[in-house]
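Reader: Hey, I'm new to this one. Could you walk me through it?

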Amino acid sequence: MPVFSHPELDAHEFIAFHSDPASGLRAIIAVHNTRLGHALGGCRMWNYASEDDALTDVLRLSRGMTYKAALAGLPQGGGKSVILGDPRKDKTPQLFHAMGRFVESLSGKYIVAEDSGTSVADLHLMAQQTRHIAGVADAQAQASGRTGDPSPATALGVFIGLKSAVKTGLGRDDLNGVRVAVQGLGNVGFRLAQHLHQAGAKLFVTDIYPPAVERAVQELGATAVGMGEIASLDVDVFAPCAFGAILNDATLPSIKAKVIAGAANNQLAQARHGQALFDRGIFYAPDYVINAGGIIDIHYEGAGYDVAVVNAHLEKIGSTLSAIFERSKLEQKPTAAIADRMAEEIFLGH
Ligand code: NAD
């Protein structure tokens, strides 16, 4: 497994590998850039097919966090960690205690949070061993009903970003009657659908989990559609909220929506698909910009959490996206490339 010549190494500041035979922990922490502050990023637990896959994943994810934090206007850098293991079978308190000690050993250069395969409960176990942890609601927050789950803020941020994309792409100031296809009704997608419904949008939804679809039909008057149809529906907006790489060679030619604005990470299968969307005149809200609500929320987690302050910060997702669309038009470049450039101007300082 090459490390120094790894294609995803980019300009990573450091990578730490750790194995703890007593608990069975095998984990990697990658810190991409700390110019703006300590690196913050989730801990993913996944049954990787190989160690190489785990390294590739952590490097890509931590780089992404640098860009995301920079454009979200947060004083922090990008990092990420992965635990090699099956989140359905291999979780034990000892494993997360060992992960907490691993995080602690880096003296705060990396701050761990929740990600796919890990939960707030797992973070509480890590918190017994490290202070360098975010997204765990303290006692005061718990008393006010918050759990540390960033999904509500992510959904609100996506809603704000979607409105901004609709304004630019469709020239509409409101969502009344705007047709939106939501793919995936999980923690973020369902909440996004609720916001959209309240704003008067007409919803088309799909999910592999039928009860979620049924709930959206009952509560939000949504129209249920097949999983294979959602990306090609004749709608105004396509909101991918399930999984990555949905904008690919197979889906792109049949997309009819003028705006793509959803929560899923890594929506473009490859960078060239961003160019293809631009060439077709489709307004794509770069994923890491529109779905930054979660890390914005985590930034404010802790004593003195003020909903008004968090919501004011979430509103900035809309203005950042407007600036990206404007510059994309001016420079005739895809929005994803513009977002990367704008992030680099912030975290590299030039
Ligand atoms: P989730 O697991 O709660 O929801 C995903 C939903 O997609 C589930 O309901 C699942 O059944 C559905 N799904 C899976 N495969 C599908 C398919 N083939 N067709 C239709 N539906 C399918 O996850 P989430 O927390 O809601 O996150 C959604 C996306 O947003 C993910 O890509 C995630 O990485 C990204 N994201 C989430 C957050 C957050 O705060 N939760 C923050 C940033 C980005």
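Predicted model: local features only at pLDDT ≥ 70, side-chain atom pairs only at ≥ 80, totals over all residues.

Reader: Okay, what's the strand order in the open sheet of 5 strands?

Author: The order is β1-β2-β4-β3-β5, and the pairing is mixed.

Reader: Which strands stand at the edges?

Author: Those are β1 (14–20) and β5 (110–114). Each has a single partner strand, so one side of each has no neighbour in the sheet. On average, neighbouring strands here are turned by 25° against each other, ignoring direction.

Reader: And how many bridges join β1 to β2?

Author: There are 7 bridges, and β1 and β2 (residues 25–33) run antiparallel. Within that pair, F17 sits opposite I28 in β2.

Reader: Which strands does helix α1 touch?

Author: Helix α1 (residues 51–71) packs on the sheet and touches β1, β2, β3 (39–46) and β4 (77–84). The direction of α1 makes about 155° with that of β4.

Reader: Switching topic: which residues form the nonpolar patch on the surface?

Author: I208, Y209 and M227 do, with about 380 Å² of accessible area together.

Reader: Where is M227 found?

Author: M227 is in the loop between β8 (223–224) and β9 (237–240). Its relative accessible area is 47%, so M227 is partly exposed.

Reader: Last one: is A250 buried or exposed?

Author: A250 is exposed, at 66% relative accessible area. That residue lies in the loop between β9 and β10 (259–260). A250 and A336 are 86 residues apart along the chain, and 20 Å separates their C-alpha atoms.

How values were computed. Residues numbered from 1 in each chain as written. Heavy atoms only, no water. Patch = residues over 30% accessible without salt bridge, like charges linked within 9 Å, V, L, I, M, F, W, Y side chains within 5 Å. Areas by Shrake-Rupley, 256 points an atom, 1.4 Å probe, with all protein chains shown as cover. Salt bridge = Lys/Arg side-chain N within 4 Å of Asp/Glu carboxyl O. Helix = DSSP H or I, 4+ residues; strand = E, 2+ residues; numbered from the N terminus. Buried < 20%, exposed > 50% of the residue type's maximum accessible area, 1.4 Å probe, protein only. Pairing = 2+ DSSP bridges. Axes fitted to C-alpha atoms, helices over the stretch in contact; angles between N-to-C directions. Contact = heavy atoms within 4.5 Å.
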